[in-house]
Amino acid sequence: MRQMIMGNWKMHGLRGQGKRLVTDIAEAIAGIRETREVVLAPPFTLTGYLAPLLETHGIGLGAQDCHAEPEGAFTGDISAPMLADLGVTHVILGHSERREYHHENNALIRRKAVTARRYGLCPVICVGESGSQKEAGEADRWLTRQITECVPDNFDGIVAYEPIWAIGTGKAATESDIESRMSLLHDVLHRHLETDDKSTRVLYGGSVKPEDAASILAVSGVGGVLVGGASLSAESFLGIAKAGLPSAS
């Protein structure tokens, strides 16, 4: 299974900026597509605008959220079929910022994942512990609960582990930290889904930078990376996407 490099632009980018960024990335990404899968998740306003350009260059189109219902009186929300209609292939669900600022709970995230899959989208379910949970030794219990409550039965999507204490802080988990968490998550997924413990791809996200990407991607159990701020620079994102590959040396 190819590792995935997924960029989450969050609430950044106008049309001109988005087109330039995709063009710069696309020009240099062709050589790695056989080795790594590349997906970009721009803000909703750029989704349809960038879809043809991304498709032309073999880059997947992601979204940053979707509603749990396929349609209805939900002013300001975006549904899974709307995203699928635009050519979206992946959707990020349960990001720590959605959990914190929009008060999303595990049950809601599970419902979103079920709806997303029903309409052909690949859910990317985010899980992660806070700094206080880490310090209190509660991380394992918290991550286990998130997996069992957020991940639906017969899940064939992706899980993204994001240590909340490392997002936007400039901190990064050590290789030992990441390997330990990956081992836990794969084990919990194995028991929860009753399937092979490596069959679910688990990404790492948490202030990933070009200089540490190769070591992170080499950690056992890491199925790729979810990149935040560094995905807003073509140079940084490409540095991560190519990290550790023979052609990049």
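Set aside neighbours within four places in sequence, and K112 is in contact with D65, C66, H67, A68, L93, R98 and E104. The model is predicted. K112 sits in helix α5, which spans residues 106–118. Its side chain meets that of D65 in a polar contact of 2.8 Å.

Two other residues carry a label from a record. The UniProt annotation "active site", from an unreviewed entry, covers H95 and E162. They are spread over 68 residues of sequence, yet they cluster in space, with a largest C-alpha distance of 8.4 Å. Of these residues, H95 is included in the lining of the largest pocket.

Where does H95 lie? H95 is found in the loop between β4 (90–93) and α4 (96–101). Not counting residues up to four places away in sequence, H95 touches N8, K10, C126 and E162.

E162 also has its place in a loop, between β6 (158–161) and α8 (175–193). Leaving aside neighbours within four places in sequence, its contacts include G94, H95, S96, C126 and G205. The side chains of E162 and H95 are joined by a polar contact of 3.2 Å.

The table gives accessibility for the residues discussed.

| Residue | Relative accessible area | State |
|---|---|---|
| K112 | 4% | buried |
| H95 | 6% | buried |
| E162 | 3% | buried |

Why does E162 count as buried? E162 counts as buried because its relative accessibility is 3%, and buried means under 20%. H95 is buried because its relative accessible area is 6%, against that cut-off of under 20%.

Terms used. Residues are numbered from 1 along each chain as its sequence is written. This is a predicted model: local features need pLDDT of at least 70, side-chain atom pairs count only at pLDDT 80 or more; totals for chains, interfaces and linings use all residues. Side-chain values use heavy atoms; hydrogens and water are left out. Helices (H or I, at least four residues) and strands (E, at least two) are DSSP runs, numbered from the N terminus. Buried means under 20% relative accessible area, exposed over 50%, partly exposed in between (1.4 Å probe, protein chains only). A polar contact is a pair of N or O atoms within 3.5 Å; within protein, one must be able to donate a hydrogen and the other to accept it, and residues adjacent in sequence count only if both atoms are side-chain atoms. Contact means heavy atoms within 4.5 Å. UniProt positions are given in the numbering used here, feature names are shortened, and annotations may be inferred rather than shown by experiment. On a 1 Å grid over the protein atoms alone, a cavity is a set of points where a 1.4 Å probe fits but cannot get out, and a pocket is an open set with protein on both sides within 12 Å along at least five of seven lines; lining residues have an atom within 4 Å of a point.
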